[in-house]
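Grab a pencil and keep the structure open while you work. Try each task on your own before you read its solution.

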Amino acid sequence: MSDPALPDGVERRSFDGETRLATRGPPVYGEPTDGEWRAWDPERSKLGGMFELGVDTGLTGGETVVYLGAAAGTTVSHVADFAGPTYAVEFAPRPTRELLDAAAPRPRLFPLLKDARKPDTYAHVVEADVDAIVQDVATRGQATVAVRNARFLADDGRLVLSVKARSEDVTADPETVFDDVVSTLEEAYEVLDTARLDRFHEDHLGVVATPR
Amino acid sequence: MSDTDAGSGPDDDRDAGWFRGLRSEADDADTAHERIAAGEAATPRDWPRLAVDSGFAESASAYYDRLHEATTQATREAVRERERADDKQLIHTVRAMDDCERVANELAERAAEWAGSLFEETDAGLAGARAVAEREPSGDLERRAVSVSARAVDLADERDALSATIERIAPAVAPNLAAMAGPELAARLIALAGGLEPLAKKPSGTVQVLGAEDALFAHLSGRAPSPKHGIIYTHEFVRGTRPADRGSAARALAGKLTLAARVDHYAGEYREQLHADLRDRMEAIGARAEADE
Ligand SMILES: C[S@@+](CC[C@H](N)C(=O)[O-])C[C@H]1O[C@@H](n2cnc3c(N)ncnc32)[C@H](O)[C@@H]1O
């Protein structure tokens, strides 16, 4: 089953008669498994939602990734299943404890307790010219975080960003928030595609961009 | 051991990779963890290649193996340390900070007053003490006055260091409360309540007047009107609101702070929604004030 928008290592497979996205790796959050494969729940993952919606993220599998806002590792564990070296940045201690459990059996997943607004505090660990930054921080200033982390990305790399409107402003119309976010992003990126993720995540925008 | 990695100068630790100067055997674990936790660089570099070139790892793959080991361990330790910073530690820190501030000011006043009798020109308070502490004393009396000034300055510096510690640990102890109230006010509320759990269990009306116990007592014994706010008065949402609306601003803020303390105590994770809700409420109060004008 080849699907042009899916990276190698991500497949649509059947779990109990239902076709779902899946990657190969040890389970992390109680998701259904089938042999080595485990289902990827798009309701719990913005990136999973983007794949489910057919967004062309430019991810092909095997790449080096920086993941910002890793939380307990739900999404980043799937990323580490299909990508190469994966740096997972999260600043809250409690979810990081669970992130450590997701990282333990994944030798190319590197957990870091760091604040994504301060890339100086991890640029001595995270390598230059990574192929992709995947970001899901859901706090105010999401576009600024992406701009500050552009330094890690290769010239032809991809930013795959999820923006939560309510994190920026609860009262504003989401479209207005998204326009502001995109214009801030354009300081450092050329936006290639955007897609509303509402089918899985209300008032979220998916953005694919590349460095300017 | 190779020290010539990364092409940076031999003494230039800033902007070097976390593995700089470490041996290829796994016996520098503590240093490696410390570097990952506290190191910095302005720009990332091709660390895997530099690690191989400098002899730290035999291959990129061996480098990644060590990176996995080191980041996992360092992050586990960092999580543990942040979690050890509990509410009791925060209370000690904020109380020590207040003590240092009070004593620093008292001692500075004394020192400045004393110095005024010894030297031609001195300023009052801490600024005065700082100037006096820099002087070259002659004779025993001057030496003592200069020394007392220096103690006052040390205490003021210690106060600032304690304040920086609060900024760092309050978000780990109570992420929502610290984000909403600011680290210092969060620490004070926790201290006044005697801990995060007692704070989480207080009704929001009590949180609203925490720190105004004297005024509350006067009210209960019929001598004064009921206080509208305690220490939360220092929050911009209350202070920045016109006097007529301060009561409702304080009530709204206390309600959200109480929720924040509960989420911090029972769940311990940051919830953006709480903060968005508070911004909403405050905008509504602000809009009401504008409409009245
Ligand atoms: C919506 S959750 C991420 C969920 C995760 N991406 C997943 O799908 O498994 C957002 C996370 O970003 C983290 N976060 C927010 N601001 C951050 C920052 N400045 N640095 C690092 N992490 C941050 C939060 O602590 C939270 O765990």
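**Exercise 1: A pair linked by charge**

What does A:Arg151 count as, at 32% relative accessibility? Then find its salt-bridge partner.

*Solution.* 
Step 1. At that value A:Arg151 counts as partly exposed. The cut-offs are these: buried is under 20% relative accessible area, exposed is over 50%, and partly exposed is in between, using a 1.4 Å probe and protein chains only.

Step 2. A quick word on what you're looking at: it's a predicted model, where local features need pLDDT of at least 70, side-chain atom pairs count only at pLDDT 80 or more, totals for chains, interfaces and linings use all residues, and side-chain values use heavy atoms, with hydrogens and water left out. Residues are numbered from 1 along each chain as its sequence is written, while chains are lettered from A and ligands numbered from 1 in the order in which they are written.

Step 3. The partner is A:Asp120, and the closest N and O atoms of the two are 2.8 Å apart. (A salt bridge needs a side-chain nitrogen of Lys or Arg within 4 Å of a carboxyl oxygen of Asp or Glu.)

Step 4. A:Asp120 sits in the loop between β7 and β8 (130-135) of chain A, and A:Arg151 in the loop between α4 (142-148) and β9 (153-164), so this pair ties together parts that are 31 residues apart in sequence. Those labels come from DSSP runs, numbered from the N terminus: helices are H or I with at least four residues, strands are E with at least two.

Step 5. A:Asp120 is partly exposed too, at 27%.

**Exercise 2: Another bridge**

Which residue forms a salt bridge with A:Asp81?

*Solution.* 
Step 1. A:Asp81 bridges to A:Arg106, with 2.8 Å between the closest N and O atoms.

Step 2. A:Asp81 is buried at 19%, and A:Arg106 is buried at 5%.

Step 3. Now hop to chain B: B:Glu269 and B:Arg271 meet in a salt bridge at 3.6 Å, N to O. B:Glu269 is partly exposed at 35%, and B:Arg271 is partly exposed at 36%.

Step 4. Back in chain A, shared partners join A:Glu31, A:Arg38, A:Asp81 and A:Arg106 into one salt-bridge network. Over all chains, the count comes to 30 salt bridges.

**Exercise 3: Zoom in on A:Glu31**

Is A:Glu31 buried or exposed? List its polar contacts with backbone nitrogens too.

*Solution.* 
Step 1. A:Glu31 lies in the loop between β2 and β3 of chain A.

Step 2. A:Glu31 is buried, because its relative accessible area is 7%.

Step 3. A polar atom of its side chain lies 2.9 Å from the backbone nitrogen of A:Val28, and one lies 2.8 Å from the backbone nitrogen of A:Tyr29. (A polar contact is a pair of N or O atoms within 3.5 Å; within protein, one must be able to donate a hydrogen and the other to accept it, and residues adjacent in sequence count only if both atoms are side-chain atoms.)

Step 4. Leaving out residues up to four places away in sequence, A:Glu31 touches A:Arg38 and A:Ala39. Touching means heavy atoms within 4.5 Å.

**Exercise 4: A charge without a bridge**

Where is A:Asp41, and how far away is the nearest side chain of opposite charge?

*Solution.* 
Step 1. Look in the loop between β4 (37-39) and α1 (46-52) of chain A.

Step 2. A:Asp41 is buried but has no salt bridge, and A:Arg20, the nearest side chain of opposite charge, is 4.5 Å away. (Lys and Arg count as positive, Asp and Glu as negative; His and the chain ends are not counted.)

Step 3. Not counting residues up to four places away in sequence, A:Asp41 touches A:Arg20 and A:Tyr29.

**Exercise 5: Sheet order**

In what order do the four strands of the open sheet in chain A run?

*Solution.* 
Step 1. The order is β1-β2-β4-β3, with antiparallel pairing. (Two strands pair if DSSP finds at least two bridges between them.)

Step 2. The edges are β1 (11-15) and β3 (33-34), each pairing on one side only.

Step 3. β1 and β2 (residues 18-24) of chain A pair over five bridges. A:Phe15 stands opposite A:Glu18 in β2.
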